[in-house]
Structures are given as structure tokens and as C-alpha cells.
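Trainee: I would like to learn how to read surface and pocket features. Can we work through a case together?

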Amino acid sequence: MSEKKEPGVWDGFKAFLMRGNVVDLAVAVVIGAAFTNIVNAVVKGIINPLVGAIGTKNLDHYSSCLSSSCAGDQGIQILWGSVLGAALSFVITAAVVYFLMVLPMAKYLARAEARRKAKEGTQEVIEVTELEVLKEIRDALVAQRGSGHDQR
């Protein structure tokens with residue numbers, strides 16, 4: 001009897017790495033890391049100066065004190081400026097990803113699907129037309145045989 005050899009750890013690891021979604025995920029992480037630098041530069045170079053027109057240039061300096069005295073490191077401070085900066089970074093990142101990556105890809109996939117359906121529809125029309133032509137030929141042959149039998 002021959003025994004089936006189970007795939008080894010190395011074969012399983014290669015199969016795992018070669019799956020499409022693992023490679024896509026790796027590319028997304030690398031692109032996301034690079035894109036984070038761009039978003040941070042936009043927040044620090046554009047958003048922070050705009051906010052700085054009405055207050056401090058750095059959002060990290062916006063805070064509220066919950067205790068009676070917040071001199072130096074003493075007291076309880078809510079650093080809402082840092083949260084606001086992070087929220088702005090997230091919104092900008094999400095908007096750029098959506099408008100520059102997700103939306104164009106969705107439109108592309110919709111067009112590709114519409115072309116595929118149109119091609120299938122055309123093929124169905126051709127198949128139906130061929131079927132109709134074959135039926136007409138059959139009917140003509142049957143009619144011809146029928147008229148040939150009447151003449152004998």
C-alpha cells in the first residue's frame with residue numbers, strides 16, 4: 001500500500017505566502033505606512049497652520065485643566081488637541097483612500113462587470129439567433145419533404 005505523504009511545514013508556509021490576500025495585505029501595509037507620512041505632513045504643514053491662525057500652531061498644545069492648578073506637569077489635563085489632530089489625520093487618510101483608491105477601483109470593477117455582462121448578453125443573442133436559424137432550416141426541410149411526398 002502506498003501512503004499519502006502529508007505536505008510539510010515548508011510547503012504549507014509557501015502555500016500561505018503565495019495566497020493572493022497575503023500579498024495584497026503586505027502591499028497595503030507598506031503603502032499605508034508610506035501614506036501615513038504624507039498625511040502627517042499635510043496635518044503639520046497645512047492643517048496646523050490654519051488652526052494656528054486662531055490659536056497655537058501645534059494642536060498638541062490645546063488642552064483643558066480639570067484640577068485647580070495645572071502648572072507644568074501638575075494637575076489633571078485633558079489633551080484634546082492631540083485627539084483632534086489624530087482625528088483630523090484619520091479623516092484626511094480615510095478621505096484620500098476613499099476618493100483616490102476605493103472609488104476609482106469600484107468604478108473600474110463596475111465597468112468591467114458591465115462589459116462582461118454585455119459580452120455575455122451578445123453571446124446569448126447570437127446563440128438564440130443561431131438556434132432560431134437552425135429551427136427555420138429544420139422547418140424548411142420538413143416542409144420540403146412534405147411537399148415532395150405530395151407530388152409523387
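Trainee: Which residues make the nonpolar surface patch?

Mentor: First, a caution: this is a predicted model. For a patch, look for nonpolar side chains with over 30% relative accessible area, joined within 5 Å. Here Val23, Val27, Ile31, Tyr98, Phe99, Leu100, Met101 and Val102 make such a patch, of about 770 Å². Helix 2 and helix 3 are the elements that give two or more residues to the patch.

Trainee: Which helix gives the most to the nonpolar patch?

Mentor: Helix 3, with five residues. Ile31, also a patch member, lies in helix 2.

Trainee: Where does UniProt place the feature "transmembrane region"?

Mentor: Read a record as annotation, which may be inferred rather than shown by experiment. The unreviewed UniProt entry places this feature at residues 21–43 and 78–101. Then check each span against the model. Residues 21–43 are 100% helix and 0% strand, with end C-alpha atoms 31 Å apart. For residues 78–101, the figures are 92% helix and 4% strand, and the end C-alpha atoms lie 36 Å apart.

Trainee: How many of the lining residues are nonpolar, polar and charged?

Mentor: Three are nonpolar, six polar and two charged.

Methods:
Residues are numbered from 1 along each chain as its sequence is written. This is a predicted model: local features need pLDDT of at least 70, side-chain atom pairs count only at pLDDT 80 or more; totals for chains, interfaces and linings use all residues. Side-chain values use heavy atoms; hydrogens and water are left out. Ala, Val, Leu, Ile, Met, Phe, Trp, Tyr, Cys and Pro count as nonpolar, Asp, Glu, Lys and Arg as charged, and the others, Gly among them, as polar. Patches are made of residues with over 30% relative accessible area and no salt bridge: like charges are joined within 9 Å, nonpolar side chains (Val, Leu, Ile, Met, Phe, Trp, Tyr) within 5 Å. Accessible areas come from the Shrake-Rupley method with a 1.4 Å probe; for residues, only the protein chains shown count as cover. A salt bridge is a side-chain nitrogen of Lys or Arg within 4 Å of a carboxyl oxygen of Asp or Glu.
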